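Here is a short note for a colleague who is opening this model for the first time. Please keep the structure in view while reading the points.

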Amino acid sequence: MASYEIVKGDLFTAQTSLAHCVSQDLRMGKGIATEFVKRWGRPKELYDQRYERLAVLKRQNEQGEWRYLYYMITKEKAWHKPSLKDFMKSLVHVLKHMIKNDVKHLSVPKLGAGLDGLSWDLIERALKKQFVEKHGINVTVYVL
């Protein structure tokens with residue numbers, strides 16, 4: 001049975017696939033996105049993807065296992081604020097990729113609820129219903 005849990009800690013200690021929100025211009029100059037840049041850079045393979053709602057990197061974790069880094073495209077420019085509708089479209093793309101690639105565990109910050117200012121309650125409900133209950137994907141939310 002899949003689980004949903006909130007843990008206090010550093011998202012980057014998770015060895016699972018990770019997701020975070022970015023703009024289509026991939027500026028990643030604020031918030032948790034800056035830590036993704038620090039750890040994985042701004043690889044050319046992100047820019048080379050013909051993305052609309054999602055860019056994905058495949059990287060090994062500390063144990064040498066493969067995992068995905070999901071860059072959810074929720075808005076056009078870094079200074080824009082995403083709509084809940086655009087956020088949910090990106091989340092669906094993450095879910096589809098996970099199902100297609102048999103990914104069973106996703107770790108996230110409070111997606112969309114930080115600098116983007118979206119309602120965490122609505123996002124949390126979507127994660128629980130679509131990922132955990134409907135598709136059996138384990139979700140761990142990291143909070144500092």
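Which residue stands opposite Leu57 in strand 4? Leu57 faces Leu69 there. The points below place that pair in its setting.

1. **What kind of model.** This is a predicted model.

2. **Overall make-up.** The protein chain has four helices and six strands. From the N terminus the elements run β-β-α-α-β-β-α-β-α-β. Of the 144 residues, 48% count as buried. The C-alpha atoms fill a box of roughly 40 × 35 × 30 Å along the principal axes.

3. Take the contacts between residues at least 6 apart in sequence: 67% of them join residues at least 24 apart. The protein chain exposes about 8000 Å², and carbon and sulfur atoms supply 50% of that area.

4. Six strands form an open sheet in the order 1-6-5-2-4-3, with mixed pairing. Strand 1 (4–8) and strand 3 (54–60) are the edge strands, each pairing on one side only. On average, neighbouring strands are turned by 25° against each other, direction ignored. Strands of a sheet pair through backbone hydrogen bonds, in either the parallel or the antiparallel sense.

5. **Strand 4 and its partners.** Nine of the ten residues of strand 4 are buried, so this strand is mostly covered. Strand 4 (residues 66–75) pairs with strand 2 (residues 17–23) in the parallel sense, over six bridges. Here Cys21 stands opposite Met72, and Ser23 stands opposite Lys75. With strand 3 the pairing is antiparallel, over seven bridges. Strand 3 and strand 4 also form a hairpin with five residues between them. In its turn, Gly64 has a positive phi of about 85°.

6. **Helix 1.** Which residues of helix 1 are buried? In this helix (residues 33–40), they are Ala33, Glu35, Phe36, Val37 and Trp40. These buried residues pack against strand 2, strand 3 and strand 4. Gly41 follows helix 1 and has a positive phi, near 70°.

7. **Helix 3 and His97.** Helix 3 lies across strand 2, strand 3, strand 4 and strand 5 (105–108). The helix runs at about 160° to strand 4. His97 is found in helix 3 (residues 84–100). Is His97 buried or exposed? His97 counts as buried because its relative accessibility is 19%, and the cut-off is under 20%. Leaving out residues up to four places away in sequence, His97 touches Leu54, Val56, Tyr68 and Tyr70.

8. **Helix 4.** Helix 4 (residues 120–134) packs on the sheet and touches strand 1, strand 5 and strand 6 (138–143). Its direction makes about 130° with that of strand 1. Helix 4 has 15 residues and reaches 20 Å from its first C-alpha to its last, close to the 21 Å expected. Its buried residues are Trp120, Ile123, Glu124, Ala126, Leu127, Phe131 and Val132. An α-helix has 3.6 residues a turn, so residues three or four places apart point the same way. The cover over the buried residues of helix 4 includes strand 1, helix 3, strand 5 and strand 6. Just after the helix, Gly136 takes a positive phi of about 65°.

9. **Two backbone points to check by eye.** Most residues other than glycine have a negative phi. Where does Leu26 lie? Leu26 is in the loop between strand 2 and helix 1. Its phi is positive, about 55°, although Leu26 is not a glycine. Leu26 is buried, with a relative accessible area of 0%. Met28 is found in the loop between strand 2 and helix 1 as well. Phi of Met28 is near 45°, again a positive value in a residue other than glycine. Met28 is buried, with a relative accessible area of 7%.

Conventions. Residues numbered from 1 in each chain as written. Predicted model: local features only at pLDDT ≥ 70, side-chain atom pairs only at ≥ 80, totals over all residues. Heavy atoms only, no water. Helix = DSSP H or I, 4+ residues; strand = E, 2+ residues; numbered from the N terminus. Buried < 20%, exposed > 50% of the residue type's maximum accessible area, 1.4 Å probe, protein only. Contact = heavy atoms within 4.5 Å. Pairing = 2+ DSSP bridges. Axes fitted to C-alpha atoms, helices over the stretch in contact; angles between N-to-C directions. Expected span 1.5 Å × (residues − 1). Areas by Shrake-Rupley, 256 points an atom, 1.4 Å probe, with all protein chains shown as cover.
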